[in-house]
Amino acid sequence: MPEIVNPNHGCLKRGIPPSRDHSGSEAEDKRAPVAPVGCRAVSEYQYYEFLAVDRPLTEAEIAQVRALSTRARITSTSFVNEYHWG
């Protein structure tokens, strides 16, 4: 697998070689790649926004949506969730 250089941090990331199945041929590897020791992880930002366009949500529907996220800003017509990581 080719090497990927992260220009933001000067880190070098290498892909994990594929595993082998019983016949010796390459099998798909589902493991996530891991950054080498000493490299800083890149931060992540996600923004989700949904709007009710047909009608406002009822209290019961708002409660159902609230069960999806305790951090989101929820009104009868909108759902907004910002996620910062790293």
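**An antiparallel sheet and its side-chain contacts**

In this predicted model, three strands are arranged as an open sheet in the order 5-7-6, with antiparallel pairing. The edges of the sheet are formed by strand 5 (44–51) and strand 6 (73–74), each of which pairs on one side only. Strands of a sheet pair through backbone hydrogen bonds, in either a parallel or an antiparallel sense. Between strand 5 and strand 7 (residues 78–85), the antiparallel pairing extends over eight bridges, and Y48 has N81 of strand 7 as its bridge partner.

Within strand 7 lies V80, which counts as buried because its relative accessibility is 9%, below the 20% limit. The C-alpha atoms of V80 and F50 are 6.6 Å apart in space, although the two residues are separated by 30 positions in sequence. When residues up to four places away in sequence are left out, the contacts of V80 are Y47, Y48, E49, A72 and R73. With the same exclusion of residues up to four places away, A72 in turn touches R66, F79, V80 and N81. A72 also belongs to the largest nonpolar core, which consists of five residues, namely I62, V65, A72, I74 and F79. In soluble globular proteins, nonpolar side chains tend to be buried together.

F79, a member of this core, is also part of an aromatic pair, and the count of such pairs comes to one. The ring centres of F50 and F79 are 5.7 Å apart and the ring planes stand at 55°, so the pair is classed as tilted. Because F50 lies in strand 5 and F79 in strand 7, the pair ties together parts that are 29 residues apart in sequence.

Side chains of opposite charge can pair when their charged atoms come close, and two salt bridges are present in the structure. In one of them, the side chains of R55 and E61 meet with an N to O distance of 2.7 Å; R55 counts as partly exposed at 44% relative accessibility, and E61 likewise counts as partly exposed at 21%. In the salt bridge between R73 and E82, the closest N and O atoms are 3.8 Å apart, and E82 counts as partly exposed, with a relative accessibility of 31%.

Conventions: Residues are numbered from 1 along each chain as its sequence is written. This is a predicted model: local features need pLDDT of at least 70, side-chain atom pairs count only at pLDDT 80 or more; totals for chains, interfaces and linings use all residues. Side-chain values use heavy atoms; hydrogens and water are left out. Two strands pair if DSSP finds at least two bridges between them. Helices (H or I, at least four residues) and strands (E, at least two) are DSSP runs, numbered from the N terminus. Buried means under 20% relative accessible area, exposed over 50%, partly exposed in between (1.4 Å probe, protein chains only). Contact means heavy atoms within 4.5 Å. A nonpolar core is a set of buried Ala, Val, Leu, Ile, Met, Phe, Trp, Tyr and Cys residues joined through side-chain atoms within 4.5 Å. Rings of Phe, Tyr and Trp (its six-membered ring) pair if their centres lie within 6.5 Å; planes under 30 degrees apart count as stacked, over 60 as edge-to-face and the rest as tilted. A salt bridge is a side-chain nitrogen of Lys or Arg within 4 Å of a carboxyl oxygen of Asp or Glu.
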